[in-house]
Amino acid sequence: EKAYFNYINASYTNSITKNLCIAGGCAMNSVANGKLYEKTKFKKIFIQPAAYDAGGAIGAALSVYYDNNKNRNYENYNLYLGPEYSNIDVEKAINAKKNYLDKENIKFENFTNKQDDLLTKIVDFLIEKKIVGIFKGRVEWGARALGNRSIIADPRGEEIKNIMNRKIKRRESFRPFAPIILYEYLKDWFDIDREVSTMMEVHKIKVEKKNIIPAVVHVDDTCRLQTLKENDNKFIYKLISKFNQRTEIPILLNTSFNENEPIVCKPEEAIDTFIRTEMDALLLENYLLYR
């Protein structure tokens with residue numbers, strides 16, 4: 001961290017801007033990133049979620065773009081830039097596994113044009129402490145699952161973290177999961193009042209709140225935070241809003257949809273992970289599978 005901040009501060013001294021974009025492997029250090037405003041003099045900082053080597057590629061491409069275009073006002077805050085799959089693709093994937101699904105008594109329903117019913121069903125599962133995989137829309141850009149290829153759960157109660165680690169992620173028990181919070185409630189829960197939409201920073205939760213959602217709080221009272229506005233991801237926003245209406249908790253536990261493998265991309269990969277783990281339910285576009 002000392003080297004990281006010293007290098008960034010040296011860059012500030014030698015530059016003419018107070019804005020900073022960071023890419024490269026160091027930019028994946030979300031703990032250090034959460035201290036950048038405190039430890040450096042930059043006023044606006046942006047770290048996109050593919051900040052590893054892919055971030056350097058983006059910087060090179062943008063540099064060429066700006067050198068060859070008079071319009072310098074290009075903006076793109078869409079964090080979902082990967083492949084997407086239709087309901088037809090999903091139906092094919094389900095049919096390919098239909099014999100196994102029937103054998104294991106796994107039910108599935110089609111919620112096309114019934115979004116409110118779908119949201120209610122998922123919130124019911126979450127309140128029952130069930131773990132739900134979300135496969136919907138385009139794949140996230142970068143290493144962070146931001147709602148389209150996520151596994152979600154109710155963040156209340158210590159046991160849900162242990163269940164997730166033991167049955168699905170199969171990783172070290174001390175590792176917490178990330179909270180995804182509706183932006184308008186951010187200041188009620190954290191000592192921060194700006195967007196962290198890319199889940200690239202760690203911040204402390206308010207002391208009086210940490211025992212309410214222990215599944216997403218680390219031993220030092222920090223969380224790897226993701227804030228969410230409606231335009232960021234309308235489906236997940238509506239889902240958390242409905243969960244908040246029922247529980248007065250505007251937060252869900254969010255972790256990447258994988259089990260010691262890369263994040264799932266295709267419907268077949270999502271179904272295989274659902275079958276292989278003890279996940280309770282899986283949303284595949286408009287289809288909901290559940291045990």
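This is a predicted model: local features need pLDDT of at least 70, side-chain atom pairs count only at pLDDT 80 or more; totals for chains, interfaces and linings use all residues.

Biologist: Where is N286 placed, and which residues does N286 touch, not counting residues up to four places away in sequence?

Modeller: N286 is in the loop between β10 (281-284) and β11 (287-290). Not counting residues up to four places away in sequence, N286 touches N87, E109, N110, F111, T112 and K136.

Biologist: Let me try other asparagines. Is N244 buried or exposed, and is N99 buried or exposed?

Modeller: N244 is in helix α10 and counts as buried, at 13% relative accessibility. Leaving aside its neighbours within four places in sequence, N244 is in contact with Y185, I249 and P250. N99 is found in helix α6 (residues 98-103) and counts as exposed, at 69% relative accessibility.

Biologist: How far apart are N99 and I163 in sequence and in space?

Modeller: N99 and I163 are 64 residues apart in sequence, and 28 Å apart in space from C-alpha to C-alpha. For D124 and R246 the separation is 122 residues in sequence and 9.4 Å in space, again C-alpha to C-alpha. D124 sits in helix α7 and is partly exposed, with a relative accessible area of 28%.

Biologist: Now to helices. How is a pair of packed helices described?

Modeller: Two numbers are used: the angle between the axes and the distance between the axes. Here, helix α7 (residues 115-127) packs with helix α10 (residues 234-247) at an angle of about 55°, and their axes are 10 Å apart. That angle makes α7 oblique to α10. Their crossing is right-handed.

Biologist: Which residues of α7 meet which residues of α10?

Modeller: From α7 come Q115, D116, L118, L119, T120, I122, V123, D124, L126 and I127. From α10 come F235, K238, L239, K242, F243, R246 and T247. Sorted by class, the contact of α7 with α10 has nine nonpolar, three polar and five charged residues.

Biologist: At what angle do α5 and α11 cross?

Modeller: Helix α5 (residues 87-96) and helix α11 (residues 267-276) cross at roughly 40°, and their axes come within 9 Å. They are therefore oblique to each other. The crossing of α5 and α11 is right-handed. D89, V90, A93 and I94 of α5 make the contact with P267, E268 and I271 of α11. By class, this contact of α5 with α11 has five nonpolar, no polar and two charged residues.

Biologist: Next, rings. How is a pair of aromatic rings described?

Modeller: Again by a distance and an angle: the distance of the centres and the angle of the planes. A search of the whole structure finds five aromatic pairs. One of them is formed by Y4 and F5, whose ring centres are 5.9 Å apart and whose planes are at 35°, so the pair is tilted. Y4 and F5 are both buried.

Biologist: How are the rings of Y12 and F42 arranged?

Modeller: Their centres are 5.1 Å apart and their planes are at 90°, so this pair is edge-to-face. Y12 lies in helix α1 (residues 2-13), whereas F42 lies in the loop between α3 (36-39) and β2 (44-46), so the pair ties together parts that are 30 residues apart in sequence. F42 counts as buried, at 4% relative accessibility.

Biologist: My last topic is the backbone. What is the general idea for phi?

Modeller: Most residues other than glycine have a negative phi. D221 has a positive phi of about 65° although it is not a glycine. D221 lies in the loop between β7 (201-204) and β8 (222-228).

Biologist: What is the phi of E248, and where is E248 placed?

Modeller: E248 has a phi near 60°, a positive value in a residue other than glycine. Its place is in the loop between α10 and β9 (251-256). At 67% relative accessibility, E248 counts as exposed.

Terms used
Residues are numbered from 1 along each chain as its sequence is written. Side-chain values use heavy atoms; hydrogens and water are left out. Axes are lines fitted to C-alpha atoms, for helices over the stretch in contact, and angles run from 0 to 180 degrees between N-to-C directions. Helices (H or I, at least four residues) and strands (E, at least two) are DSSP runs, numbered from the N terminus. Angles under 35 degrees count as roughly parallel, over 145 as roughly antiparallel, 65 to 115 as roughly perpendicular and the rest as oblique. A crossing is left-handed if the near helix is turned anticlockwise from the far one by less than a right angle, and right-handed if clockwise. Contact means heavy atoms within 4.5 Å. Ala, Val, Leu, Ile, Met, Phe, Trp, Tyr, Cys and Pro count as nonpolar, Asp, Glu, Lys and Arg as charged, and the others, Gly among them, as polar. Rings of Phe, Tyr and Trp (its six-membered ring) pair if their centres lie within 6.5 Å; planes under 30 degrees apart count as stacked, over 60 as edge-to-face and the rest as tilted. Buried means under 20% relative accessible area, exposed over 50%, partly exposed in between (1.4 Å probe, protein chains only).
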